[in-house]
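Biologist: I have a structure open and would like to go through it piece by piece. Can you help me read it?

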Amino acid sequence: NTAIDTQIKILVIAEHNELELNDSVFKVISAAKSWNGEVDLLVMGKNTEEVAKNAAKIKDIKSVIRLDGDHLEHLLAEDATKIVEMLSNNYQVILAAHSWSSRNFLPRVAAVLNVSLITDVLKIESNNVYTRAIYAGNVHAKIQSKDPIQLLTIHTSLFEGCSRDGGDAKIIKKDTPPAMNLTSWKSEKINKSDRPALIDAKIVISGGRSLGSEENFDKVLSPLVDEVGAALGATRAAVDAGYAPNEIQVGQTGVVVAPELYMAVGVSGANQHVYGMKDSRVVVAINNDPDATIFQFADYGLVADLF
Ligand code: FAD
């Protein structure tokens, strides 16, 4: 319980659904505590009153900074960047989960602030030294940043979430800068599913190219997925072949998951896939090739025909 260093100010950028914070936010706050400074949470959106109220209960933060605006309903990179830029003078560290959202706007923030963006940090070694994965996780690089603002995204599956209550942070409402109007939001198509979301499912079952067709992908995997209440995942090869939708791709260029149980069905275990699932607690692999790489990562392996 060392005293907080009030000279060090850290800003965590939150993702939320206007009611609750994403699970990843609590993990980023844990990571932010590594600096032993004062942590503020930035909540931006169309209507953030409720989510800011909930966020203020987090013990490990000092204030919740909230900015509302109709144009923040579908957060565009230019608008998010403007807000972070506006606040950046007060902070030495700015961080967020390594997610689709942060990957969309933090490169722009880095350019505007003229600092490096250090992505997908696995471990915070000291105030400006980090371990991150390169070559799809084959090499762990330790890097030091001398930038005046440390800007990073966190590999959240390696961090425990902080406590969600016990605190009474101050909520500070700031004026929202007007819309940049460089791009505009047109529409979005969301595939609704009764299954748990891939990102925080307790069980994930992924299929590979070997399933052979979109029909097989569904016919073979869905009964098992629904029986155990799992989320469905896929390799990029399966997605590229059109057997599975893009948003369920697990891996370096897809979603990174760390469930209690991960089942890889007809998956070879390419680096780029393994990058997205290797932090899973228990891994089960089914593959008819006894030499398949995936068995090196599996706790239980079945050398068998997946059909
Ligand atoms: P394959 O490698 O073709 O493997 C199929 C496996 O199924 C084999 O091991 C085979 O033995 C087994 N099999 C065949 N028939 C049966 C059967 N009847 N029963 C049981 N087993 C059977 N990949 C990802 O998954 N996610 C990513 O995010 C990703 N990002 C990438 C980024 C880059 C820059 C690049 C270059 C590649 C990326 N890839 C990614 C692709 C990756 O390199 C592999 O090509 C891909 O993961 C392979 O998918 P797969 O295991 O389905 O197919």
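Biologist: Which residues does S63 touch, not counting residues up to four places away in sequence?

Modeller: S63 touches V39, D40, L41, A169, K170 and I172, where contact means heavy atoms within 4.5 Å. Before we go on: this is a predicted model, in which local features need pLDDT of at least 70, side-chain atom pairs count only at pLDDT 80 or more, and totals for chains, interfaces and linings use all residues. Residues are numbered from 1 along each chain as its sequence is written, and side-chain values use heavy atoms, with hydrogens and water left out.

Biologist: Is S63 buried or exposed?

Modeller: S63 is buried, at a relative accessible area of 5%. Buried means under 20%, exposed over 50%, and partly exposed in between, with a 1.4 Å probe and protein chains only.

Biologist: What joins the side chains of S63 and D40?

Modeller: A polar contact of 3.1 Å. The term stands for a pair of N or O atoms within 3.5 Å; within protein, one must be able to donate a hydrogen and the other to accept it, and residues adjacent in sequence count only if both atoms are side-chain atoms.

Biologist: And which strand does S63 lie in?

Modeller: Strand β3, residues 63-68. Strands (E, at least two residues) and helices (H or I, at least four) are DSSP runs, numbered from the N terminus.

Biologist: Switching to β5. How many bridges join β5 to β6?

Modeller: Four, and the two strands run antiparallel. β5 and β6 form a hairpin with two residues between them, and V121 stands opposite R132 in β6. Strands count as paired if DSSP finds at least two bridges between them.

Biologist: In what sense do β5 and β8 pair?

Modeller: Parallel, over three bridges; β5 covers residues 117-126 and β8 residues 150-154. L117 stands opposite L151 in β8.

Biologist: Now the ligand. How many residues surround the ligand?

Modeller: 25, and the closest are R209, T235, T253, S268 and Q272.

Biologist: Which backbone atoms lie 2.8 Å from a nitrogen atom of the ligand?

Modeller: A backbone N or O atom of V250 does, and so does a backbone N or O atom of L306. A polar backbone atom of G266 is 3.2 Å from an oxygen atom of the ligand.

Biologist: How much of the ligand does the protein bury?

Modeller: The protein buries 73% of the 990 Å² that the ligand exposes taken alone. Those areas come from the Shrake-Rupley method with a 1.4 Å probe.

Methods: Near = heavy atom within 4 Å.
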